[in-house]
Amino acid sequence: EYINLLDDLIAKRESYQKTMGQIALTISETYGSKALIGFAEDFKETTGRTISLYTLRKYAVIWKKIGHLALPDDLTFRAMRELAKTNDPQIWVEKFTNEGLSSAQLVREIRINLGVDMGKTYCPMCGKVISNGKNKST
């Protein structure tokens, strides 16, 4: 029973993010990136839920870069974001699959390969270092 429940939860978590990327990219490519504004407004009006334009654009950019790849079902969206930053995401997907890496391990290896200082925390909006990773407790 727990195996089926967990399988269902993982499938829903990962498939909704892939589907959202596909939707955002399709709207953007078909009607232009400004159409995402209307889509976000229509979504809120229809469902009562909000989704930011930034989120839709981010999903579209990521999906444009990696949507053509055969992505493993257990690859997290965070790992997909990091894959989209690489020059050859296919190599990293193969590494993930062939070496049996977890998504967290894949993210770490990509970030190291891209030269990200793992001891620092960067602002996701501007890229500025916001923490140097040192504990400042007194």
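This is a short tour of the predicted model, stop by stop.

Because the model is predicted, local features need pLDDT of at least 70 and side-chain atom pairs count only at pLDDT 80 or more, while totals for chains, interfaces and linings use all residues. Residues are numbered from 1 along each chain as its sequence is written, and side-chain values use heavy atoms, with hydrogens and water left out.

**Whole chain.** Start with the C-alpha trace, which spans about 50 × 40 × 35 Å along its principal axes. The chain has six helices and two strands, in the sequence order α-α-α-α-α-α-β-β. Helices (H or I, at least four residues) and strands (E, at least two) are DSSP runs, numbered from the N terminus. Of the 138 residues, 29% are buried (under 20% relative accessible area with a 1.4 Å probe, protein chains only; exposed is over 50%, and partly exposed is in between). Take the contacts (heavy atoms within 4.5 Å) between residues at least 6 apart in sequence: 40% of them join residues at least 24 apart.

**Helix α2.** Select residues 35–47. These 13 residues form α2, which reaches 18 Å from its first C-alpha to its last, close to the 18 Å expected at 1.5 Å a residue (1.5 Å times one less than the number of residues). Within α2, pick G38; its relative accessibility is 26%, so G38 counts as partly exposed. After α2 comes G48, with a positive phi near 85 degrees.

**Helices α3 and α4.** Now select residues 53–66 (α3) and 77–84 (α4), which pack at an angle of about 70 degrees with their axes 9 Å apart. Axes are lines fitted to C-alpha atoms, for helices over the stretch in contact, and angles run from 0 to 180 degrees between N-to-C directions. The two helices are therefore roughly perpendicular (65 to 115 degrees; under 35 is roughly parallel, over 145 roughly antiparallel, the rest oblique).

Show side chains at the contact: Y59, I62, K65 and I66 in α3 meet F77, M80, R81, L83 and A84 in α4. By class, this contact has seven nonpolar, no polar and two charged residues (Ala, Val, Leu, Ile, Met, Phe, Trp, Tyr, Cys and Pro are nonpolar, Asp, Glu, Lys and Arg charged, and the others, Gly among them, polar).

**Q17.** Finish in helix α1, residues 2–31, at Q17. With 12% relative accessibility, Q17 counts as buried. Leaving out residues up to four places away in sequence, Q17 touches Y59 and F77.
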